Amino acid sequence: MAEAQETTSAWALKVAQWPMATRIALLVLIPMLLLVSTGGLWLRGQMHRSLLDSFEQSLRDKAQRVGARLQRDAQGVLREAAGGADEFSAIYAGWYWRAEVGREVLRSRSLWDMDRLPTDDRPVPGSAVLHPATGPQQEPLLAFTVPVALGPSAAPVALTVYGPAAQLQSSVRQIDRNLLLAGWVLLALAGVLAWLQVRVGLAPLRRLEALLAALRDPQGAGGDVARHLAAPTGKDLQPLQNELSGLLAHNAHVVARARAHAVDLNHALKKPLALLSAQASAQPHVPSGEVRQQVEAMAQLVDRYQARTLSDALHAHPGAGGQAVDVRECAAQILHMMRRLHAAQELDWELADRAPGALLWRGERADLEEVLGNLLDNAGKWAASRVRLTLSLSSEGAHAGQPCLGLDVEDDGPGMTPEQLQAAGQRGVRFDESVQGSGLGLAIASQIAQAYGGQLQLYKSSAFRGLGVRLAMRGLAL
């Protein structure tokens, strides 16, 4: 049973890999082949049976006419009453009859000196009473036997009537040829229709394929492709075409923004580099304070534009539908990394799990690690002794009644004033220059949350008296 299932699965996988045009053509041709073959065989049997029934009726009528002429004379010998000439009178005419009762045999004049004709015991296919036989000149015959009663006390006479089967066999062969020809014509017509269906039905897909391939052609006109993609192609493919058009426009926007960021970063770095070059040209020894100041400025510029690029890239795949991420396992790994990173501070890192059942999130694992890493690293820089990460199901930002993934990071540090809480999260904003960082951690976490349809909030932790960060993101796998 298991081997049969594996064979079926392997065959289904192979069929699924066939081209769409092949599958559509087979879906048309295979049912048509079954219909033509089944219908042709049924029609052939009906027509053969009709011809045999007609021939049987003819032999039955002739047997009735011959049986009416059979009689016994005064001596009790079986005789045929005198009558006019008929098809049984000419010698070897193809129509014969033979009457037999016991050892007494009477035959038609057409048989002449032939006593018995070779007859097959098996009936002809399609008839229960007709048997194939061979005539005096080796011609094919069909035989029909019927009992004839000559008197109430006399034994019945077995009367066998033979008729020529050549014309019947020719008609049967002609019917078979016509049916075979008609079947081939129907299959050829079905093949042509399947080809037309594939060509016409898949034409919009081929046009889309050609237009998308033109995007990779350096000589292609991207504007023309976008214009054609925006044109209507029908109700079936219009949703796909709209999605492709939107995806191309969005990708073009992301690429343009990335190029703009690269240009901005290039221009922004030129100023501190020019200052360092001027200082080095003016005097042989550049003050270390000046070098450190310009290097820090360049590092901040790199971090700022990297955060902008990350923000733009996130919008390319908000709420990715890949393999679900185990939030508990990911959070445990990040906490372990934070313990090693902030080992000198001897902090107590706590993981509080308030979510029932499995906690799976459909999104990019790198995004979840980026969020947890930024929030926990920020808390570790400010905490005095404790940091707690709480996993929960949040109703904030819920969509269509589905809860969100809730992440709360709390520390027992100095916290923030209301004014600082409002300013926190802005790119590059720092409240204490003595603490290492670029001021981008909360901003990046907020951008990731927004990309997944969530939000980030700052509050004063009631349990730890420090800063609390609550983040909610959609995409829970329920």
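In which strand is the place of Arg388? Arg388 lies in strand E11, which covers residues 386-399. The model is predicted. Its protein chain holds 11 helices and 14 strands. Of the 478 residues in the protein chain, 31% are buried. Among contacts in the protein chain with a separation of 6 or more, 61% join residues 24 or more positions apart.

- Arg388 has a relative accessible area of 14%, and because buried means under 20%, Arg388 counts as buried.
- Leaving aside residues up to four places away in sequence, Arg388 touches Glu350, Ala352 and Arg354, as well as Asp408, Val409 and Glu410.
- Ala463 and Phe464 are also among the residues that Arg388 touches.

**Helices H8 and H9**

- Helix H8 spans residues 327-341 and helix H9 spans residues 365-382.
- The two helices pack with their axes 10 Å apart, at an angle of about 40°.
- H8 is therefore oblique to H9.
- The crossing of H8 and H9 is right-handed.
- The residues in the contact of H8 with H9 comprise 10 nonpolar, 2 polar and 4 charged.
- On the H8 side, the contact is made by Val327, Glu329, Cys330, Ala331, Gln333, Ile334, Leu335, Met338 and Leu341.
- On the H9 side, these residues meet Arg365, Leu368, Glu369, Leu372, Gly373, Leu376 and Asp377.

**Helices H2 and H3**

- Helix H2 covers residues 20-69, and helix H3 covers residues 166-201.
- H2 and H3 pack at an angle of about 165°, and their axes are 9 Å apart.
- Angles over 145 degrees count as roughly antiparallel, so H2 and H3 are roughly antiparallel to each other.
- The crossing in which H2 passes H3 is right-handed.
- Sorted by class, the contact of H2 with H3 has 22 nonpolar, 6 polar and 2 charged residues.

**Ala68 in helix H2**

- Ala68 is found in H2.
- With a relative accessibility of 64%, Ala68 counts as exposed, because the cut-off for exposed is over 50%.
- Ala68 and Leu150 are 82 residues apart in sequence, while their C-alpha atoms are 9.0 Å apart in space.

**Pro147 in strand E6**

- Pro147 has its place in strand E6, residues 140-148.
- The relative accessible area of Pro147 is 64%, so this residue is exposed.
- Not counting residues up to four places away in sequence, Pro147 touches Pro156 and Val157.
- Pro147 and Val157 are 10 residues apart in sequence, with a C-alpha to C-alpha distance of 5.5 Å.

**Cysteines**

- A search of the whole structure finds 0 disulfides.
- Cys330 is buried, at 0% relative accessibility.
- Cys330 is also one of the H8 residues that meet H9.
- Cys404 has a relative accessible area of 1% and is therefore buried.

Key:
Residues are numbered from 1 along each chain as its sequence is written. This is a predicted model: local features need pLDDT of at least 70, side-chain atom pairs count only at pLDDT 80 or more; totals for chains, interfaces and linings use all residues. Side-chain values use heavy atoms; hydrogens and water are left out. A disulfide is a pair of cysteine sulfur atoms within 2.5 Å. Buried means under 20% relative accessible area, exposed over 50%, partly exposed in between (1.4 Å probe, protein chains only). Axes are lines fitted to C-alpha atoms, for helices over the stretch in contact, and angles run from 0 to 180 degrees between N-to-C directions. Helices (H or I, at least four residues) and strands (E, at least two) are DSSP runs, numbered from the N terminus. Angles under 35 degrees count as roughly parallel, over 145 as roughly antiparallel, 65 to 115 as roughly perpendicular and the rest as oblique. A crossing is left-handed if the near helix is turned anticlockwise from the far one by less than a right angle, and right-handed if clockwise. Contact means heavy atoms within 4.5 Å. Ala, Val, Leu, Ile, Met, Phe, Trp, Tyr, Cys and Pro count as nonpolar, Asp, Glu, Lys and Arg as charged, and the others, Gly among them, as polar.
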